[in-house]
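Subject: Structure handover, cavities and aromatic pairs

Hello,

Here is the structure you asked about. My notes on its cavities and aromatic pairs follow below it.

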Amino acid sequence: MALSIHDSLWESLAVFAAGVGAGTINTIVGSGTLITFPVLLATGLPPVTANVSNTLGLVPGSISGAIGYRKELRGQGPRVLRLGATSLVGGLAGAVLLLQLPSESFDMIVPVLIGLALILVVLQPRLAQALRARQQKAGGSDPNPSGGPALHTGMLLSSAYGGYFGAAQGVLYLGLMGLLLHEDLQRINAVKNVIAALVNGIAAVFFLFVAEFDWTAVLLIAVGSTLGGQIGAKAGRRLPPTALRAIIVAVGIIAIVQLLLS
């Protein structure tokens, strides 16, 4: 079933609003897919088509968020290039995996992925505490600005997950870089936004040629997430993280229930 602005204005508005929310949350934390994906399912799109349309639509939002954090990116060019190259490989591998596995497998895997993503969202405060504790103990500069093999391996696997589905992809990045880099959290978040844009972008290019997607859904999410990316970049330090986590968890639980009952 394809979205149609003429057939259902309310559905189109809901997808656009979900795109705004996803772009905002992705820029601040990650996990915006937990908002857009269940909304696309509610419009009647099949899970794989919804996932592909969602990935395509969120690319402009990721770019928008990265632009909003451009000040925090200063001086991080070499780090972004190294981690970006690793993440591109992982993202492409995840996109290929999505289309190679049968649709039935995806239907079974997605609730598990969402559940794991929600656990990561709930545990995010502990990850932040670990980051602060590590920074307090570190006396000097980071001996390895790119994080070393451990971070590159983690980013490769996380990006493969991002290319496959992407919910809580940003939380994975923040956790990994926060624990393995001696860096300010806002600067880490800036790198996260660029990496997410790269991974979503490589997956989107792949999907354009080989996958089914809904153009109306893609455009609605693209416009919404672009706006949301700017909102997230400006308000990221002001919005209470507890409220954001509560919204993400609530939407994720609804998605799990909907998938299990469908």
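Helix H1 gives the largest share of the lining of the second largest cavity, three residues. Please keep in mind that this is a predicted model. H1 spans 9-28, and H1, H3 and H8 each supply at least two residues of that lining. The residues around the second largest cavity are Gly-23, Asn-26, Thr-27, Gly-61, Ser-62, Asn-193 and Ala-196. By class, six of them are polar, one is nonpolar and none is charged. The space inside comes to about 50 Å³.

The structure has two cavities of 30 Å³ or more. The volume of the largest cavity is about 140 Å³. Its lining consists of 16 residues, and Asn-26, Thr-33, Gly-166, Gln-169 and Asn-200 lie nearest the centre. In the lining of the largest cavity, 12 residues are polar, three are nonpolar and one is charged. Helices H3 (47-68), H7 (169-180) and H8 (185-210) each supply at least two residues of this lining. H3 gives the most, with four residues.

On the aromatic side, there are three pairs of rings with centres within 6.5 Å. Phe-206 and Phe-207 make a tilted pair, because their planes are at 55° and their ring centres 6.0 Å apart. Phe-206 is partly exposed, at 23% relative accessible area, while Phe-207 is buried, at 0%. Another pair, Phe-213 and Trp-215, is edge-to-face, with 85° between the planes and 5.0 Å from centre to centre.

Regards

How values were computed:
Residues are numbered from 1 along each chain as its sequence is written. This is a predicted model: local features need pLDDT of at least 70, side-chain atom pairs count only at pLDDT 80 or more; totals for chains, interfaces and linings use all residues. Side-chain values use heavy atoms; hydrogens and water are left out. Rings of Phe, Tyr and Trp (its six-membered ring) pair if their centres lie within 6.5 Å; planes under 30 degrees apart count as stacked, over 60 as edge-to-face and the rest as tilted. Buried means under 20% relative accessible area, exposed over 50%, partly exposed in between (1.4 Å probe, protein chains only). On a 1 Å grid over the protein atoms alone, a cavity is a set of points where a 1.4 Å probe fits but cannot get out, and a pocket is an open set with protein on both sides within 12 Å along at least five of seven lines; lining residues have an atom within 4 Å of a point. Grid points are joined across faces, edges and corners, and a volume is the space filled by probe spheres set on the points. Ala, Val, Leu, Ile, Met, Phe, Trp, Tyr, Cys and Pro count as nonpolar, Asp, Glu, Lys and Arg as charged, and the others, Gly among them, as polar.
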